[in-house]
Amino acid sequence: MAFSILISLFLLQFLNLASSQSFIGVNYGQVADNLPSPSATAKLLQSTAVQKVRLYGADPAMIKALANTGIGIVIGAANGEIPALASDPNFATQWINSNVLAHYPASKIILITVGNEVLLTNDQNLISQLLPAMQNMQRALSAAALSGQVKVSTVHSMAILSRSDPPSSGLFNPAYQDTLRRLLQFQKDNGSPLAVNPYPFFAYQSDPRPETLAFCLFQPNSGRVDSGNGIKYMNMFDAQVDAVRSALNAMGFNDVEILVAETGWPYNGDSNEAGPGVENARAYNGNLVAHLRSMVGTPLMPGKSVDTYIFALYDEDLKPGPASERSFGLFKPDLSMTYDIGLSKISLTPSTPKTPSPKPTKACWCVPKAGVSDAQLQASLDYACGQGIDCGPIQPGGACFEPNTRASHASYAMNLYYQMSAKNPWNCDFSETATLTSQNPSYNGCIYPGGSA
């Protein structure tokens with residue numbers, strides 16, 4: 001009876017987990033000559049916990065393939081379409097008719113991005129046309145009675161910030177501030193998010209020290225204290241996103257949401273590139289997914305996960321530049337995983353617990369030391385859950401979700417990581433925040449796997 005209840009709890013947790021990933025998206029780039037068919041790609045996405053996909057254009061075949069899947073779709077108008085969109089409302093109406101109304105609502109289009117990193121082109125004519133293009137797109141949506149269902153935004157590079165370190169000092173570049181103020185007022189009025197492309201990978205490339213790598217990969221590290229507000233940051237992703245939050249707040253747009261339109265880590269690169277590699281890519285993307293699932297948020301936006309689109313679904317083998325540019329794909333053209341970051345629904349399914357063979361040795365468990373900060377506990381929790389262990393029991397509905405505290409969740413995850421590892425003392429270190437104990441920490445229906453010393 002108890003076993004069946006435990007399995008039911010696992011399955012309930014799994015269903016909650018698989019249905020509550022609305023904040024996890026993926027980018028679908030098409031600068032390639034070996035991509036799987038749209039129908040195969042749609043089936044692949046349905047086999048994952050990914051709930052949203054971002055297209056860089058409005059490929060009708062891909063939009064149709066995603067019909068009736070429930071997957072949210074972001075479509076884009078190219079930079080080259082901005083002049084026509086800005087100058088001709090009829091062009092905007094035709095664009096909406098062809099790319100949205102022709103597919104909606106079977107294909108769940110949720111956002112239109114007008115242009116990509118337009119401000120960084122420094123083309124003043126194009127920049128001046130960006131807001132009128134977005135306004136005409138918004139009017140066309142309103143005329144089609146879709147203004148509440150489909151939002152309009154544009155995507156920015158992190159280079160729109162003139163200052164980002166520490167995060168509390170985040171400011172937009174003065175050269176872009178007037179343009180951004182008008183864009184943000186439009187977005188505030190229409191409830192659309194500011195879309196940015198934070199890449200801790202590039203931050204590491206500019207500061208390739210081991211401690212920076214751990215900070216960028218969500219791995220255990222000593223953290224970085226924000227001198228402006230005393231907050232300790234445990235990973236670069238949170239720091240970059242909060243720098244954007246600070247810049248928005250400094251301009252008075254506290255209620256404009258942030259969307260991470262791109263972030264990722266390449267699994268391969270040229271010999272002179274710092275950082276690319278399968279293990280680093282798995283660590284970054286896997287720990288990012290675990291961090292988003294934890295719902296802890298960022299220090300300046302706690303308790304929720306920012307919508308995040310991982311770059312990318314497939315490699316784009318026709319892209320120019322260093323090898324890393326062609327090595328971001330989570331999946332290969334044959335639809336197999338490049339590496340596993342825990343997105344597959346199959347890998348999320350709880351396996352039947354196995355009874356370990358009894359060993360005549362002293363049982364021991366890995367638990368946090370007393371006095372460890374929540375920030376350090378969260379870093380250890382993200383790291384452990386990003387290493388392929390089943391953190392389902394500490395998700396809502398799981399047997400170990402209650403008490404819903406950072407310490408309790410971290411304790412379960414750290415112990416499970418230790419039990420699944422080689423059980424060396426350093427597997428229960430977590431930057432000197434954990435220790436081994438002979439006291440079984442299991443409680444009520446929450447069973448901690450026990451190892452041996």
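# Briefing on a predicted protein model

Serine 408 touches Pro403, Tyr443 and Tyr448, leaving aside residues up to four places away in sequence. The structure described here is a predicted model. Serine 408 belongs to helix α14, and its relative accessible area is 11%, so it is buried.

- Proline 403 is found in the loop between α13 (374-385) and α14.
- A cis peptide bond, with omega at about 0°, joins glutamate 402 to proline 403.
- Tyrosine 448 forms a ring pair with tyrosine 412; the ring centres are 5.4 Å apart and the planes stand at 75°, so the pair is edge-to-face.
- This pair links distant parts of the chain, 36 residues apart: tyrosine 412 is in helix α14 (residues 406-420), whereas tyrosine 448 is in the loop between β16 (434-437) and β17 (451-452).
- Tyrosine 412 and tyrosine 448 are both buried.

**An annotated region**

- An unreviewed UniProt entry carries the annotation "domain: X8", which covers residues 364-448.
- Over residues 364-448, the chain is 32% helix and 11% strand.
- The end C-alpha atoms of the stretch 364-448 are 10 Å apart.

**Aromatic rings**

- A search of the whole structure finds 15 aromatic pairs.
- One of them is formed by phenylalanine 201 and phenylalanine 202, whose rings are 5.2 Å apart centre to centre, with 55° between the planes; the pair is tilted.

**The packing of helices α6 and α7**

- Two packed helices are described by the angle between their axes and the distance between the axes.
- Helix α6 (residues 124-143) packs with helix α7 (residues 174-190) at an angle of about 10°, and the axes are 10 Å apart.
- Angles under 35 degrees count as roughly parallel, and α6 and α7 are therefore roughly parallel to each other.
- On the α6 side, the contact is made by Ile127, Leu130, Leu131, Met134, Gln135 and Gln138.
- On the α7 side, the contact is made by Thr179, Arg182, Leu183, Phe186, Gln187 and Asn190.
- By type, the residues of the contact of α6 with α7 comprise 6 nonpolar, 5 polar and 1 charged.

**Two further serines**

- Serine 192 lies in the loop between α7 and β8 (194-197).
- Serine 192 has a relative accessibility of 3% and so counts as buried.
- Residues up to four places away in sequence aside, serine 192 touches Lys151, Val152, Gln187 and Val256; Gln187 is also one of the α7 residues in the contact with α6.
- Serine 98 is found in helix α5 (residues 89-101).
- With a relative accessibility of 47%, serine 98 counts as partly exposed.
- Serine 98 and proline 60 are 38 residues apart in sequence, and their C-alpha atoms are 8.8 Å apart in space.

**Backbone features**

- Most residues other than glycine have a negative phi, and most peptide bonds are trans.
- A cis peptide bond joins aspartate 165 and proline 166, with omega at about 0°.
- Proline 166 is placed in the loop between β6 (161-163) and β7 (171-172).
- Asparagine 122 is not a glycine, yet its phi is positive, at about 55°.
- The position of asparagine 122 is in the loop between β4 (109-116) and α6.
- Methionine 295, also a residue other than glycine, has a positive phi near 60°.
- Methionine 295 lies in the loop between α11 (278-293) and β12 (297-298).
- At 35% relative accessibility, methionine 295 counts as partly exposed.

Note on methods:
Residues numbered from 1 in each chain as written. Predicted model: local features only at pLDDT ≥ 70, side-chain atom pairs only at ≥ 80, totals over all residues. Heavy atoms only, no water. Axes fitted to C-alpha atoms, helices over the stretch in contact; angles between N-to-C directions. Helix = DSSP H or I, 4+ residues; strand = E, 2+ residues; numbered from the N terminus. Parallel < 35°, antiparallel > 145°, perpendicular 65-115°, else oblique. Contact = heavy atoms within 4.5 Å. Nonpolar A, V, L, I, M, F, W, Y, C, P; charged D, E, K, R; others polar. Phe/Tyr/Trp six-rings, centres within 6.5 Å; stacked < 30°, edge-to-face > 60°. Buried < 20%, exposed > 50% of the residue type's maximum accessible area, 1.4 Å probe, protein only. UniProt positions renumbered as here; feature names shortened; annotations may be inferred.
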